[in-house]
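The following note collects comments on the model under review. The points are numbered so that each may be checked separately against the coordinates.

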Amino acid sequence: MRLILLGPPGSGKGTQSEFLVSRYGIPQISTGDILREAVAKGTQLGRAAKAYMEEGKLVPDQLIIDIIKERLVAPDCERGFILDGFPRTEAQAEALRTTLSEMELSLSAVINIQVDEPTLIRRLSGRRICRDCQANYHIDYSPPKISDKCNKCGGEIYQRKDDKEEVIKNRLKVYLDQTEPLINYYKNVGGLLKEINGKGKVEEIFDRIVNVLE
Ligand code: AMP
């Protein structure tokens, strides 16, 4: 199964990816996670991406396309993958199309998770992440049992710099300008686009996704 999860920041792509990974045994490829790791390690990629990320802007297409091309040929992608946060521009979508066709592969579905803007802002501003295992928390809806410590690995819980209110607004604008047009792009590619209502309990949303996939 080869999936794309579309949807604005805060729509739950990361959370739903975790569920999909355990159900289908295919890897989640999150360009955001790959970039954050590169920034934390101070690699060349991380140094190139850091300023864009902190301002909520998109990292240049070519950097992202190179990451994806390298990642898709890894052995764990043989049975499929879940793309979370990629593609985010039409240039990225085109590069993906070319790469997959060179590999003689095609996409199974593009899941668009729909959530209204006030809900996105509430979710993003309360979101907290484990520095070690990237598990997701929310200060109101799913706080860690011991404050600031991850339930799963005991790692430190932190707030992403780009989840601060002033950056969130910018990320949502960037999404509307550059990523939302991909909904139409994939609508035009024979029946790939599946619309999912992204409000409600995470388990309910996951059931909706499984229903359209199976
Ligand atoms: P995310 O965790 O998916 O919200 O991504 C965090 C940040 O990483 C974004 O605001 C961008 O700065 C950068 N980023 C992640 N994925 C991409 C992508 N496909 N294209 C460009 N920038 C990206």
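1. Helix H2 passes helix H3 in a left-handed crossing. The two helices, residues 31–41 for H2 and residues 44–54 for H3, pack at an angle of about 110°, and their axes are 8 Å apart. As angles from 65 to 115 degrees count as roughly perpendicular, H2 and H3 are therefore roughly perpendicular to each other. It should be kept in mind throughout that the model is predicted.

2. The contact between these two helices can be listed by residue. On the H2 side it involves Gly32, Leu35, Arg36, Ala38 and Val39, which meet Leu45, Gly46, Ala49, Lys50 and Met53 of H3. By class, the contact of H2 with H3 divides into 6 nonpolar, 2 polar and 2 charged residues.

3. As to the overall fold, the secondary structure comprises 9 helices and 8 strands. The radius of gyration is 17 Å, close to the 17 Å that the globule rule gives for 214 residues, so the protein is as compact as a globular protein of that length. The C-alpha trace spans about 45 × 40 × 35 Å along the principal axes. Of the 214 residues, 46% count as buried. Among contacts between residues at least 6 apart in sequence, 69% join residues at least 24 apart.

4. H4 passes H5 in a right-handed crossing. From H4, the residues Asp61, Ile64, Ile65, Lys69 and Leu72 meet Ala91, Gln92, Ala95, Leu96, Thr99 and Leu100 in H5. This contact of H4 with H5 has 7 nonpolar, 2 polar and 2 charged residues.

5. Ala91, in helix H5, is partly exposed, with a relative accessible area of 40%. Leaving aside neighbours within four places in sequence, Ala91 is in contact with Asp61 and Ile65. Ala91 and Ile65 are 26 residues apart along the chain, and their C-alpha atoms are separated by 9.1 Å.

6. The contact of H6 with H7 divides into 5 nonpolar, 1 polar and 4 charged residues.

7. Is Asp163 buried or exposed? At 0% relative accessibility, Asp163 counts as buried, the class being set at under 20% relative accessible area. Asp163 is found in the loop between S7 and H7. Not counting residues up to four places away in sequence, Asp163 touches Leu124, Ser125, Arg127, Ile168 and Arg171. Asp163 and Gly10 are 153 residues apart in sequence and 9.4 Å apart in space, C-alpha to C-alpha.

8. Most residues other than glycine have a negative phi, and most peptide bonds are trans. A cis peptide bond joins Phe86 and Pro87, with omega about -5°; Pro87 lies in the loop between strand S3 (81–84) and H5.

9. Where are the positive phi values of Gln134 and Asp148 placed? Phi of Gln134 is near 65°, a positive value in a residue other than glycine, and Gln134 lies in the loop between strand S5 (127–130) and strand S6 (136–138). Gln134 is partly exposed, with a relative accessible area of 31%. Phi of Asp148 is near 70°, likewise a positive value in a residue other than glycine, and Asp148 lies in the loop between S6 and strand S7 (157–158).

Note on methods: Residues are numbered from 1 along each chain as its sequence is written. This is a predicted model: local features need pLDDT of at least 70, side-chain atom pairs count only at pLDDT 80 or more; totals for chains, interfaces and linings use all residues. Side-chain values use heavy atoms; hydrogens and water are left out. A crossing is left-handed if the near helix is turned anticlockwise from the far one by less than a right angle, and right-handed if clockwise. Helices (H or I, at least four residues) and strands (E, at least two) are DSSP runs, numbered from the N terminus. Contact means heavy atoms within 4.5 Å. Ala, Val, Leu, Ile, Met, Phe, Trp, Tyr, Cys and Pro count as nonpolar, Asp, Glu, Lys and Arg as charged, and the others, Gly among them, as polar. The radius of gyration is taken over C-alpha atoms; the globule rule is 2.2 Å times the number of residues to the power 0.38. Buried means under 20% relative accessible area, exposed over 50%, partly exposed in between (1.4 Å probe, protein chains only). Axes are lines fitted to C-alpha atoms, for helices over the stretch in contact, and angles run from 0 to 180 degrees between N-to-C directions. Angles under 35 degrees count as roughly parallel, over 145 as roughly antiparallel, 65 to 115 as roughly perpendicular and the rest as oblique.
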